[in-house]
Amino acid sequence: MITETPRSMGVYIHVPFCRQRCRFCAFYLEIAKPDQIDAFCLALAQEIALHRQNQITQHPLQSVYIGGGTPTVLPVSQLVSILQLVQISWPTEPSLEITIETHPSTVRPSDLDRLVEAGFNRLSVGIESLNQQELASLGRPGRVRDAKQVMRAARAAGFHNINLDLMYGLPGQTLQSWTETVQSALELEPTHLSCYALTVEEGTELARDVARHLIPPPDEALQIEMEMAAETIVQAAGFERYEISNYALPGFACRHNLLYWTDGDYLGLGPSAQSYVDGFRFGNVADLSAYITALAAGYLPLEERVKLTTDERNREALIFGLRLAKGVPHRLIHPNTSQYRTLQLLATKGLIEWQDDYVCLTPLGRRYADTVMETLYLALP
Ligand code: SF4
């Protein structure tokens, strides 16, 4: 039961379908089949109906993010219906940010027109690389020219806020081919860029090939050079690096993703989606059949639901907040705690710095962010 004025929140919808699995991908997903898509959409409607009963829908919405998977493997009519259902279920803020992820080979210009008409105002395109051989090495379907065509069509349709996802440290990728991808991506005039280092996730085809010595693991030193090169090029084009992996032109930081890094509330819908609302963390089962079965029986498909203590909330706010370039306000860090002493230790190692009223990662700290976060996680508040 919500007793205070509810904080605004975001809704994330995980569409668990792709046309094929990329070799590096460890996300929960199914290869899209029409009957499964229909069953998923029905279950999603039921999930929203159940959340209406528990009053989560009283939180005003500041963002909707439809991700996956590849949401645009769904017919556009179903995507529009999902958005309409969300919009009638929650009060929405006037500046509601509505993002949809797409893969360039799954969306037609006419689909983009209809998405804009329905109210989607932010597009996130997973292009990863603008080098055909590198795309092939990832097992990504489609061609480099698809990405260019989608960008043209998206602008023509009326998307003014477009993110491109890029990935570095790919098999066979060189510093030069990476910087060419970054420069070519900027020529497509996105408003936002996400640059991720390739990681080898357990259970993926990539991990199997690395284990069999068919390809080398990503070269960490080269990835650091690539990250630095991207920062230089992208910042010179007027983008701000506002989070470890994310760059935006002024005013185009992703409102939805900022919720994750600023202790904000978000509700995840769909198989495997995670939520954080009113101090509770909960997650859906990562299995489409189990998800559909639970909802058909009238239950939320939750795998776990935990109320965080104040100390745990503060710890998470610190760890996630440090991903932001501006860092975390001092007031969230209490002196005479183990976490404070750990931060001081990390500062002596050049990984953390105090700037005005904030604590943030140094450039070195950004490079070793996972280690910094792990160290802070283990330090009791
Ligand atoms: S398109 Fe994205 S979600 Fe789908 S398999 Fe490839 S990386 Fe994974």
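Guide: Domain bounds, which we need at the outset, come from an automatic or database domain assignment. This is a predicted model, in which local features need pLDDT of at least 70 and side-chain atom pairs count only at pLDDT 80 or more, while totals for chains, interfaces and linings use all residues. Residues are numbered from 1 along each chain as its sequence is written.

Visitor: Which domains does the domain assignment of the protein give, and how far apart do their C-alpha centres lie?
Guide: The assignment gives domain 1, covering 9-260, and domain 2, covering 310-381. Between the C-alpha centres of domain 1 and domain 2 the distance is 28 Å.

Visitor: Which strand gives the most to the side of domain 1 that touches domain 2?
Guide: Two residues are in contact if their C-beta atoms, placed from the backbone, lie within 7 Å, and by that rule the contact takes 6 residues from domain 1 and 7 residues from domain 2. Helices (H or I, at least four residues) and strands (E, at least two) are DSSP runs, numbered from the N terminus. With 3 residues, the element that gives the most to this side of domain 1 is strand S9, residues 240-243.

Visitor: How many residues of each class has the shell around the ligand?
Guide: A residue counts as near a molecule or strand if its C-beta atom, placed from the backbone, lies within 6 Å of it, and the residues surrounding the ligand include Cys 18, Arg 21, Phe 27, Thr 70 and His 103. Ala, Val, Leu, Ile, Met, Phe, Trp, Tyr, Cys and Pro count as nonpolar, Asp, Glu, Lys and Arg as charged, and the others, Gly among them, as polar. Sorted in this way, the shell has 5 nonpolar, 5 polar and 1 charged residues.

Visitor: What joins Gly 68 and Gly 69?
Guide: Most peptide bonds are trans. Gly 69 sits in the loop between strand S4 (61-68) and helix H2 (76-89). With omega about 25°, what joins Gly 68 and Gly 69 is a cis peptide bond.

Visitor: Within what arc do the buried residues of H6 fall, seen down its axis?
Guide: A residue is buried if 20 or more other C-beta atoms lie within 10 Å of its own, exposed if 12 or fewer, and partly exposed in between, with C-beta atoms placed from the backbone. In H6 the buried residues are Trp 178, Thr 181, Val 182 and Ala 185. The arc is that of the directions from the helix axis to the C-beta atoms, and the buried residues of H6 line one face of the helix because they fall within an arc of 95°.

Visitor: Which residues of H8 are exposed on its other side?
Guide: The buried residues of H8 are Met 226, Glu 227, Ala 230 and Val 234, and they line one face of the helix because they fall within an arc of 100°. These buried residues pack against S7, H6, S8 and strand S10 (246-248). The exposed residues on the other side of H8 are Ala 221, Thr 232, Gln 235 and Ala 236.

Visitor: Is Ser 272 buried or exposed?
Guide: Most residues other than glycine have a negative phi. Ser 272, however, has a positive phi of about 75° although it is not a glycine, and its place is in the loop between strand S11 (265-269) and S12. Because 20 other C-beta atoms lie within 10 Å, Ser 272 is buried.
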